[in-house]
Amino acid sequence: MNHNGLPERICCIGAGYVGGPTMAVIARKCPEIRVTVVDVDQDRVAAWNSERLPVYERGLDELVRETRGKNLFFSADVDAAIRQAQLIFICVNTPTKNYGQGQGKAADLVYVERCARRIAEQAERGTIVVEKSTVPVRTAEMIQTIMEQEDRDVQVLSNPEFMAEGTAIEDLNVPDRVLIGSADTPAGRAAAETLAGIYRTWVDPERIILTGIWSSELSKLSANAFLAQKISSINALSALCEATQADVTEVANAVGCDERIGPRFLRASVGFGGSCFKKDLLNLVYLCEHYGLSEVAAYWQSVLQLNEYQKTRFANQLVRSLFNTVTEKKIAIFGFAFKQGTNDVRESPAITVCRQLLTDRAWLGVYDPAVPEASVRQELSDVTGSAGGRLEVFSDPYDACDGSHALVILTEWNSFRDLDFRRIFASMHKPAVLFDGRNLLDIEEMRRLGFQVRGVGKV
Ligand code: UDX
Ligand code: UDX
C-alpha cells in the first residue's frame, strides 16, 4: 500500500466492455496506482494495445491514450499480473448457461471459478479479490472457499458495476452510487475501506455505499430487473395505447412526472437488449426457483416474456403493413446495436426482428454507424447461411434505403434524425413504409413527406 493507504498495483481479469473502461477511469483518476488489465484472449489484448480499441465508448480513446503505457497496461500474462497485485478485480463474463443443470437460466460461473482458482494459486497472502462480474447471490462464498482451500488469507468483496454502455465513461466519472459489499468482520471491513479509498479519489463519499456482501450481490441483479421491468411496463402499455388511440409518449410523460416513478426508462421501444437485462432476469428467476419462490420467479419471468412479445409484435406488425408478405421485398434496417452509442450487438432486438424478416424471405439492407459488418453477419448467420444470403450491410444509409419497400428503425441513434428523409422517400418503392421502433422521428413530419409511418404505442 502507498502512503495514502491505496494499493500500488491492481489487476483486472477480463478486458471486456466492463473491465476495459472501468480500469481506464481508475488509472486516470489514480495516477499513483499501476493498473494492469489481463485477458486470456490475446487478440483482445492486442486490440487494447492498438489504435483501434475493441470497445467503442465516447471518451474512451482519449482516456486510454492518456494513461496507456504510464499506469495502465493491457497484458495476456495473467499469472504475473495476479502475483504482483494487492487488489484484483474479477471482470470476466458470466453468460447464461447453455448446457446441463440450470440450462437457459442460471449464470455460468465457470470463468469466475477458473479465475478464483488461478488467483488462489498465484496471489500473495493478504490480496483483496473484488467480484465485479454480475453473479448470483452467494458467489463470493464459492470464491472465499477456493481461497481457503489454498490457505490464502484473501478478502473477497462484491463491487458490482452499474455503468451503462454508451455512457460508460460519464457513469464511471459520476456514478449514482458505488456499492461495496464485504464480510461483516474487521478484515472484511478493512478491505472494503481500501477499495472505498480508491473510489473516494474522485467519487463523493456520500455516494459510496458499504453493505453486507450478499446484499451487494443481490442489488446488482435487482437494479437491472427493476430497470427492465420499467421498460416492459411501458412496452405493455404501448400495445394498449395502440388499441385505444392513446399516445404512449404522452402517457409516459404524465406517469413519469410523479417523482415516485420518475421519467427515465419509460421510453417505449421494440424491446430492450444488451448483455445484462435478459441474463440477469433469467438468473434472478433461477435463484427464486432454487429457493422455492415460484410466484416471485413467475413475476420476474413475465418481464422477459413481455419483452419477447414486444419484439415479435413489432415484426408481425411490419409484415402486416406490407400486405402480409415481405417475401422478396427489400427492407432497410437502421440500427443494429442494442442501443445508441455502442457497437455492442449482444441480445439486440434488431437480431430478433431481422431473423424473423429473413426467415420470411425478405432482403435486408442494414446500416449502423458503429457496428462492423462482421458482427451483423455473425448474429444472423444461422438464417442467412454461410454465403450471406439475403443480407447486405451498408456504410451509407441512403444506399441501404435505395429501392426498399420499408425502412425500419431499430436503434435510437440520434444521427438518424439528421438524415435527408425527402431523399430517402424518393429512393423507395411506394407505398414507402416507415416503422420507427424507437419513436425517434417526428411522425407528423414523416407523414407530410409521404411515408406510411408507424411508431410504438402511437396512433
Ligand atoms: C462481463 C459480464 O458479462 C458481466 O456480467 C459483468 O458484470 C462484467 O463482465 P463484459 O465486460 O461486457 O461484462 O463482458 P465481455 O466483454 O465478454 O468481457 C469479458 C472478458 O473476460 C473477455 O474479454 C474474456 O476473454 C475475458 N475472460 C473470460 C478472461 O480473461 N478469462 C476467463 O477465464 C474468461
Ligand atoms: C444496463 C444498466 O442500465 C446498467 O446499470 C448495468 O450496469 C448494465 O445493464 P446497458 O444494458 O448497458 O445497462 O444499457 P441500458 O441503457 O440499460 O439499456 C438497455 C436496453 O434497454 C437497450 O436496448 C435500450 O435501448 C433499452 N431501453 C432503455 C428502452 O427500450 N427504453 C428505455 O426507456 C431505456
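How many nonpolar, polar and charged residues does the shell around ligand 2 have? The shell comprises 11 nonpolar, three polar and seven charged residues; here Ala, Val, Leu, Ile, Met, Phe, Trp, Tyr, Cys and Pro count as nonpolar, Asp, Glu, Lys and Arg as charged, and the others, Gly among them, as polar.

The views below show a predicted model, in which local features need pLDDT of at least 70, side-chain atom pairs count only at pLDDT 80 or more, and totals for chains, interfaces and linings use all residues. Residues are numbered from 1 along each chain as its sequence is written, chains are lettered from A and ligands numbered from 1 in the order in which they are written, and side-chain values use heavy atoms, with hydrogens and water left out.

**View 1. Surroundings of ligand 2.** Ligand 2 is surrounded by 21 residues, of which Phe162, Glu165, Ser269, Phe338 and Arg438 are the closest; a residue belongs to such a shell if one of its heavy atoms lies within 4 Å of the molecule. Helix H9 gives the most to this shell, with four residues. Helices (H or I, at least four residues) and strands (E, at least two) are DSSP runs, numbered from the N terminus. A backbone N or O atom of Met163 lies 2.8 Å from an oxygen atom of the ligand, and a polar backbone atom of Glu165 is 2.7 Å from an oxygen atom of ligand 2. From the side chain of Arg438, an N or O atom is 2.7 Å from an oxygen atom of ligand 2. The protein covers 95% of the 670 Å² of accessible area that ligand 2 has on its own (Shrake-Rupley method, 1.4 Å probe).

**View 2. Surroundings of ligand 1.** Around ligand 1 there are 19 residues, the closest being Val18, Asp39, Arg44, Lys279 and Arg346. By class, this shell divides into seven nonpolar, six polar and six charged residues. A polar side-chain atom of Arg44 lies 2.7 Å from an oxygen atom of ligand 1, and a backbone N or O atom of Val18 lies 2.8 Å from an oxygen atom of the ligand. For Cys91, a polar backbone atom is 3.3 Å from an oxygen atom of ligand 1. Of the 690 Å² of accessible area that ligand 1 has on its own, the protein covers 91%.

**View 3. Helix H11 and its cover.** Helix H11 (residues 277-290) has 14 residues and reaches 20 Å from its first C-alpha to its last, close to the 20 Å expected at 1.5 Å a residue; the expected span is 1.5 Å times one less than the number of residues. In H11, 10 of the 14 residues are buried, meaning under 20% relative accessible area (1.4 Å probe, protein chains only). Among them are Lys279, Asp280 and Asn283. The cover of the buried residues includes helix H9 (213-244) and helix H12 (294-321). H11 is followed by Gly292, whose phi is positive, near 75°.

**View 4. Gln317 in helix H12.** Gln317 is found in helix H12 and counts as buried because its relative accessibility is 6%. Leaving out residues up to four places away in sequence, Gln317 touches Glu242, Phe435 and Arg454, contact being heavy atoms within 4.5 Å.

**View 5. Ile180 in strand E7.** Ile180 lies in strand E7 (residues 178-182). With 0% relative accessibility, Ile180 counts as buried. Apart from neighbours within four places in sequence, its contacts include Leu157, Ala192, Tyr199, Ile209 and Ser216.

Key. Buried < 20%, exposed > 50% of the residue type's maximum accessible area, 1.4 Å probe, protein only. Polar contact = N/O pair within 3.5 Å; in protein donor to acceptor, adjacent residues only side chain to side chain.
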